[in-house]
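Here are my notes on the model you sent. Please read them with the structure open.

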Amino acid sequence: MTDRSTDGRPPAPPRPSARVDFGPGALVAAVAVLVLLLAAVLPWTGLGASGWEVVLGRPGVTGLPQLFGTLAVVFGVVGTAVCLLTGRWPAVFVTAAGCTITSVTGLWAIWSQNTSAGTGPGIGLWLALLAMIVLAVRWASYAFSRR
């Protein structure tokens with residue numbers, strides 16, 4: 001016996017869900033955001049500027065760390081929060097792309113601190129980059145697992 005709807009037609013095939021099931025991987029993303037927020041209070045530059053000072057435009061800080069910090073807040077913190085709260089696939093895809101671009105920008109920011117006058121990048125900048133790489137991998141794995 002076949003399943004038929006009341007009008008005699010076969011039922012429509014199930015549509016793929018636009019929601020993403022994060023499972024235990026959501027905890028990894030949440031911990032990475034906490035590490036990113038911790039990194040924001042640690043020094044990012046040889047001048048001793050913390051991540052928040054870099055994002056807010058402390059004088060003497062070059063543009064790449066400021067761009068990285070801004071993108072990390074937008075995609076790392078806000079994007080991750082939107083993804084975890086909504087579970088929508090388009091948000092996951094945008095956040096995955098944004099975290100990947102932010103990771104590359106973070107590498108450039110570290111490079112710029114190594115080549116400028118000063119003592120190089122601070123521990124906060126390294127932690128922020130590590131957190132962004134973890135977030136990029138986590139969100140990319142969700143974005144490419146859509147069926």
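**Notes on the cavity and a helix pair**

1. The largest cavity is lined by Leu36, Leu37, Ala40, Trp44, Gly51, Trp52, Val55, Gly69, Ala72, Val73 and Val77. Keep in mind that this is a predicted model.

2. How big is the largest cavity? Its volume is about 60 Å³. A search of the whole structure turns up one cavity of 30 Å³ or more.

3. Which helices build the lining? α1 (25–39), α2 (51–55) and α3 each supply at least two residues of the lining of the largest cavity. α3 gives the most, with four residues.

4. Nine of the residues lining the largest cavity are nonpolar and two are polar. None is charged.

5. Now turn to α3 and its partner. Two packed helices are described by the angle between their axes and the distance between the axes. Helix α3 spans residues 63–86, and helix α4 spans residues 89–115. They pack at an angle of about 155 degrees, and their axes are 8 Å apart. Because angles over 145 degrees count as roughly antiparallel, α3 is roughly antiparallel to α4.

6. Is the crossing of α3 and α4 left-handed or right-handed? It is left-handed. The contact of α3 with α4 comprises 15 nonpolar and 11 polar residues. No charged residue takes part in that contact.

7. To sum up α3: this helix packs against α4, and it also gives the most residues to the lining of the largest cavity. Charged residues are absent from the α3 and α4 contact and from the cavity lining.

How values were computed
Residues are numbered from 1 along each chain as its sequence is written. This is a predicted model: local features need pLDDT of at least 70, side-chain atom pairs count only at pLDDT 80 or more; totals for chains, interfaces and linings use all residues. Side-chain values use heavy atoms; hydrogens and water are left out. Axes are lines fitted to C-alpha atoms, for helices over the stretch in contact, and angles run from 0 to 180 degrees between N-to-C directions. Angles under 35 degrees count as roughly parallel, over 145 as roughly antiparallel, 65 to 115 as roughly perpendicular and the rest as oblique. A crossing is left-handed if the near helix is turned anticlockwise from the far one by less than a right angle, and right-handed if clockwise. Ala, Val, Leu, Ile, Met, Phe, Trp, Tyr, Cys and Pro count as nonpolar, Asp, Glu, Lys and Arg as charged, and the others, Gly among them, as polar. On a 1 Å grid over the protein atoms alone, a cavity is a set of points where a 1.4 Å probe fits but cannot get out, and a pocket is an open set with protein on both sides within 12 Å along at least five of seven lines; lining residues have an atom within 4 Å of a point. Grid points are joined across faces, edges and corners, and a volume is the space filled by probe spheres set on the points.
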